[in-house]
Amino acid sequence: MEEILLKKCKLVVDAINPIRKNIDILIEEGKISRIGESLSASGIIIDCSDSLIIPCFLNGHTHSPMSLFRGIAEDLPLHRWLEEKVWPLEQKLNNELIYYGAKLSALEMLKSGFSGCADMYFMMDYVAKAFIDLNFRGVLCEGLFDFFEKSLTDKKIKLALDMHKKLLSLNSPLIKSSFGPHATYTCSKELLEAIAELSKEFEAIVHIHVAETEDEQIQSLKRYGMREVEFLDRTGLCNERSLYAHGVWFDEKELRILKEKHASIVQNTISNLKLAAGSTCDLKRLIDLGISCCLGTDGPASNNSLDPFEMMKFSSLMLKHMYKNPAIISAKDIFKLATYDAYKILFPELKGGAVSEGYVADLAIFDLSEIKLRPLLFDDSTHIINHMVYSCSGLRAKHVIVNGDFSILNYKSTKEDEQELLNRFDEVFNRFINS
Ligand SMILES: [Zn+2]
């Protein structure tokens with residue numbers, strides 16, 4: 001891997017260090033090896049004298065191949081959206097569609113400064129291939145459903161294990177395997193218990209939708225006589241490996257269990273608002289309790305953008321609205337959730353989410369001449385983070401480095417001809433939608 005020197009970086013901002021100015025960043029072997037003045041390198045040298053450098057964002061919950069369904073089913077309640085639109089279309093999916101759907105989403109995420117995501121869908125070996133091809137990280141899990149049909153349970157357990165082995169066999173530093181039982185209302189207790197065992201055996205994250213709607217808590221009470229978190233805890237699925245997407249409808253007892261068992265929560269405000277979940281995850285309460293949290297976009301069919309700036313802005317505004325208090329959370333706290341805290345949850349084995357020596361070189365580099373970044377107070381990191389959270393929707397990174405390698409250089413993928421990728425996507429999509 002070639003050395004990269006980011007020369008004379010005008011501004012370097014993250015959530016844990018003071019602002020730094022006019023310094024050099026040296027990247028070797030996938031890591032930030034040195035930060036200082038007048039550094040030299042034998043590899044690629046990039047002039048950053050008009051650039052802002054931040055750690056990349058991570059997307060804590062998405063379904064990347066669902067770019068195929070973006071804009072196709074809108075303005076419906078969640079169960080009708082799933083049953084009438086999404087699930088019938090999903091019957092027609094194949095490896096090629098999954099690959100191009102995931103690839104389109106990965107490119108969209110990379111271009112705005114995401115380095116990776118936690119992704120749940122089907123045929124995840126093809127998602128892994130798409131991500132590796134674009135140099136994008138993934139914590140991937142095969143989405144599992146048995147719909148309480150005993151005849152399906154063993155098949156789904158085998159599917160989970162087979163996919164886990166396939167993903168491990170890729171031996172890619174970008175791909176991490178996890179397990180993905182969809183939710184307590186689509187998976188039987190037997191399936192969930194088996195996944196709990198596999199997660200323990202392989203020390204793998206379990207990514208699951210929890211407490212997204214009030215109705216699923218009612219179903220859990222009816223089916224098991226207890227709310228979802230208590231049920232998951234008894235099933236062996238509430239621990240430091242648990243990644244709960246949504247977390248809108250928790251009661252006090254559930255919050256106590258989450259805190260005690262060190263589960264992590266991904267807030268997905270935009271899809272909560274769009275699918276009218278009635279509220280959103282109360283990040284403020286979770287953070288105050290010491291529960292680990294990060295942010296997610298949810299899939300491109302239920303958001304519909306994969307934009308870290310919108311993700312941060314909506315998360316912040318929703319909390320201010322919920323509490324009727326604009327001071328309830330700062331832009332810096334939101335930025336930390338999307339960067340530093342997300343790395344701790346999704347990639348605890350890496351040091352990431354900050355621009356520090358020894359940290360993984362996942363960096364997003366923005367041109368400071370952008371209109372959205374005006375005005376600029378060069379001595380104040382809060383000011384630039386305020387811009388990132390409140391005014392940068394749609395902003396594109398000039399360069400994105402993932403694992404010490406350029407994924408995006410001068411606004412373009414270094415790995416793929418983007419026009420060719422769009423043409424291929426259109427072609428497979430048209431065949432799919434007309435079949
Ligand atoms: Zn989801």
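Analyst: Start with contact: it means heavy atoms within 4.5 Å. By that rule, Phe250 touches Val210, Ala211, Arg227, Val229, Tyr244, Leu255, Leu258, Ile265 and Leu286, leaving out residues up to four places away in sequence. Keep in mind that this is a predicted model, where local features need pLDDT of at least 70, side-chain atom pairs count only at pLDDT 80 or more, and totals for chains, interfaces and linings use all residues. Residues are numbered from 1 along each chain as its sequence is written, and side-chain values use heavy atoms, with hydrogens and water left out.

User: Which residues have the most contacts inside the largest nonpolar core?

Analyst: First the term. A nonpolar core is a set of buried Ala, Val, Leu, Ile, Met, Phe, Trp, Tyr and Cys residues joined through side-chain atoms within 4.5 Å. Buried means under 20% relative accessible area, exposed over 50%, and partly exposed in between (1.4 Å probe, protein chains only). The largest core here has 126 residues. Phe69, Phe131, Tyr244, Phe250, Leu258, Met312 and Met388 have the most contacts inside it. Helix H2 (residues 95–111) gives the most to this core: ten residues. Helices (H or I, at least four residues) and strands (E, at least two) are DSSP runs, numbered from the N terminus.

User: How do I read the interface of domain 1 and domain 2?

Analyst: The size of an interface is often given as the accessible area lost when the parts come together. Buried area is that loss (1.4 Å probe), summed over both parts. Here the two domains bury about 2700 Å² between them, 64% of it on carbon and sulfur atoms. Ala15, Val389 and Tyr390 supply 22% of the area that domain 1 buries against domain 2, more than any other three residues. In residues, 33 of domain 1 are in contact with 32 of domain 2. The domain centres, taken over C-alpha atoms, are 28 Å apart.

User: How many salt bridges are there between the domains?

Analyst: A salt bridge is a side-chain nitrogen of Lys or Arg within 4 Å of a carboxyl oxygen of Asp or Glu. The count between domain 1 and domain 2 is three. Elsewhere on the list of pairs, Asp362 forms a salt bridge with Arg137, with the closest N and O atoms 2.7 Å apart.

User: Is Ser316 buried or exposed?

Analyst: Ser316 is buried, at 0% relative accessible area. Ser316 is found in helix H11 (residues 308–323). Its side chain joins that of Tyr390 in a polar contact of 3.4 Å. A polar contact is a pair of N or O atoms within 3.5 Å; within protein, one must be able to donate a hydrogen and the other to accept it, and residues adjacent in sequence count only if both atoms are side-chain atoms.

User: What should I check in the backbone?

Analyst: Look at omega and phi. A cis peptide bond joins Arg374 and Pro375, with omega about -10°. Ser38 has a positive phi of about 50° although it is not a glycine. Ser38 lies in the loop between strand S3 (31–36) and strand S4 (44–47), and counts as exposed at 68% relative accessibility.

How values were computed: Domain bounds come from an automatic or database domain assignment.
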